[in-house]
Amino acid sequence: MSAAQLVSLTLALLAGSVTLLGLVIVTGRALHRHRDRRNARLSAGVRPWLLELIGGDSEEVNEPLLQLAALDRRVWRAVEPGAISLLGKVSGNARTAMVRLLEQRGLARDALRNLSSLSSVRRASAAHVLGLLSHAEAAFPLVRLLSDRNAEVRATAVRALGQIGTAGAAAPIIASLARGGVPFQLVAQALIRLGPGARPALVEALSHDNPAERAVAVEVLGLTGAVETARALVGVLAGDSSDDVRVRAVRALGRLGTPVCLDALIHATGPAHPQAVRVEAATALGDLGSPRAVPALRELLADAHYHVAHNAARSLARLGRPAAAALTETVAERAGTPAAGHAWEALAIQDLQAGHPPRLPAPVPR
Amino acid sequence: MATVLVAEDDSDIRDLIVFKLEQTGHTVIAVGDGSAALRLARERTPDIVLLDVMMPGMSGIDVCRELRQHAETAGLPIVLLTARAQESDVAKGLTAGADDYIVKPFSPRVLADRVHSVLARARA
């Protein structure tokens, strides 16, 4: 075969392959569109039953439940995505009715089986469904999924475990941070959903080696108002090796607001602590809301670090009349200093937020 | 029974609200965005308006504020629909003039009861 013939043959093969590929793509798309249209038609016919199931009163749901449970497999496959989507949008009797239907259709059974599928999309999708169903039996298999090789699957398992609410899953959920790939906020939200039953595992995590695990434990204890853990959090603030964890401990103590928190936060504004901790402590004293913090915050108005002084002034503005008096006196007595500037700014913002102009004239810098 | 204007961009939730309110005897006008809600509130003067907080374009809070600023719609009872994560928006909505709010996911029965009680208060 000559070179010219070889080139012609190659070009012909190439053209043939391109044409074939084009045909496959066009046919695939046409089939996809056809299937979508068919599914839309099938599910539109059944949608009134779905709405009746979740929108009806409890005594009216038996008829649509029977109709939907008896649908043939082809129609149900068209309806199922819409039913799952609706499940996440309703609560109360509507949710109970929808869970009954989906359990009857074998959705939980199929999802449990798919948790060990070779496809990561199927594993994640199964975890998602089990979470939506709050299927308690799925807790243990979902904990196993926390060590899945795929980060998306691990993240979906964390969310699902939070939705199911098994407190025993708290420790493995916290540990899922060690491997990376699961967002911190997702883990925090899941732990919050587990409720007070998760607290022993959270307190235990305060002494873990991984700072991300300690940080999430601190954050969740603060957000859930675990006042009985205030002393443990004071210990974290005093001795943790990570500034990020200590800053979160400050924030958590500000939210908890017990007397032991107040003393620890006042101490945390001292010069021995890192600036980030001091800045956050100045804010947390305002969150805590105790007038006992006024003298310490008043002193901080003269702090050399801008953000410490600024946050102290904003906190004072939130602490009622004695604190407002401390700000006013600072403006008058220390005119021309940065402390007076911070105090004036905090008072002016307070006035503007209340809808009237600043009560004190703007300070003139010396 | 009343005419209810519903503005919700999620078609699942919109269909469910329409179904439930029609089941309880109301006439429902449903739209998927804030601008259409504002236009229809002026044209059709419904008895009550349900607004999703998070909609493309005009948010429910924007619509609420606009409705309160015009004499012909200023007195309309308004209920906001808000996701749990947007609960901080509730204060903004109430400041903008909303009468009540419902957190998603919601029970359709509770939604119908809330609409009924807001209407009853408005008519009292």
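This is a predicted model: local features need pLDDT of at least 70, side-chain atom pairs count only at pLDDT 80 or more; totals for chains, interfaces and linings use all residues.

Biologist: Okay. Which side chain does A:Arg47 meet in a salt bridge?

Modeller: That of B:Asp12, at 2.8 Å from N to O.

Biologist: How many salt bridges are there between chain A and chain B?

Modeller: The count is four. On the chain A side, α1, α3 and α4 each supply at least two of the residues that touch chain B. The largest share comes from α1(A), with five residues.

Biologist: How much area do the two chains bury between them?

Modeller: About 1,200 Å², with 50% of it on carbon and sulfur atoms. In chain A, the residues that lose the most area to chain B are A:Leu51, A:Gly55 and A:Lys89, together 38% of what that side buries. The contact takes 18 residues from chain A and 14 residues from chain B.

Biologist: Which of the α4(A) residues are buried?

Modeller: They are A:Ala94, A:Ala97, A:Met98, A:Val99, A:Leu101 and A:Leu102.

Biologist: Why would residues three or four places apart point the same way?

Modeller: An α-helix has 3.6 residues a turn, so residues with that spacing point the same way.

Biologist: What covers the buried residues of α4(A)?

Modeller: The cover includes α1, α2, α3, α5 and α6 of chain A, together with α5 (108-123) of chain B. Just after α4(A), A:Gly106 takes a positive phi of about 80°.

Biologist: Back to salt bridges. How many over all chains?

Modeller: The structure holds 27. One of them joins A:Asp303 and A:Arg278, with the closest N and O atoms 2.3 Å apart. A:Asp303 lies in the loop between α17 and α18 of chain A and A:Arg278 in helix α16 of chain A, so the pair ties together parts that are 25 residues apart in sequence.

Biologist: Is A:Arg278 buried or exposed?

Modeller: Buried, because its relative accessibility is 7% and the cut-off for buried is under 20%.

Biologist: What about chain B, which residue does B:Arg68 pair with?

Modeller: B:Asp99, the closest N and O atoms being 3.0 Å apart. B:Arg68 lies in helix α3 of chain B and B:Asp99 in the loop between α4 and β5 of chain B, so this pair ties together parts 31 residues apart in sequence. B:Arg68 is partly exposed at 22%, and B:Asp99 is also partly exposed, at 36%.

Biologist: Which residues are linked in a network of salt bridges?

Modeller: A:Glu219, A:Asp244, A:Arg248, A:Arg251, A:Arg255 and A:Glu280.

Conventions: Residues are numbered from 1 along each chain as its sequence is written. Chains are lettered from A and ligands numbered from 1 in the order in which they are written. Side-chain values use heavy atoms; hydrogens and water are left out. Buried means under 20% relative accessible area, exposed over 50%, partly exposed in between (1.4 Å probe, protein chains only). Helices (H or I, at least four residues) and strands (E, at least two) are DSSP runs, numbered from the N terminus. Contact means heavy atoms within 4.5 Å. Buried area is the accessible area (1.4 Å probe) that two parts lose on being put together, summed over both.
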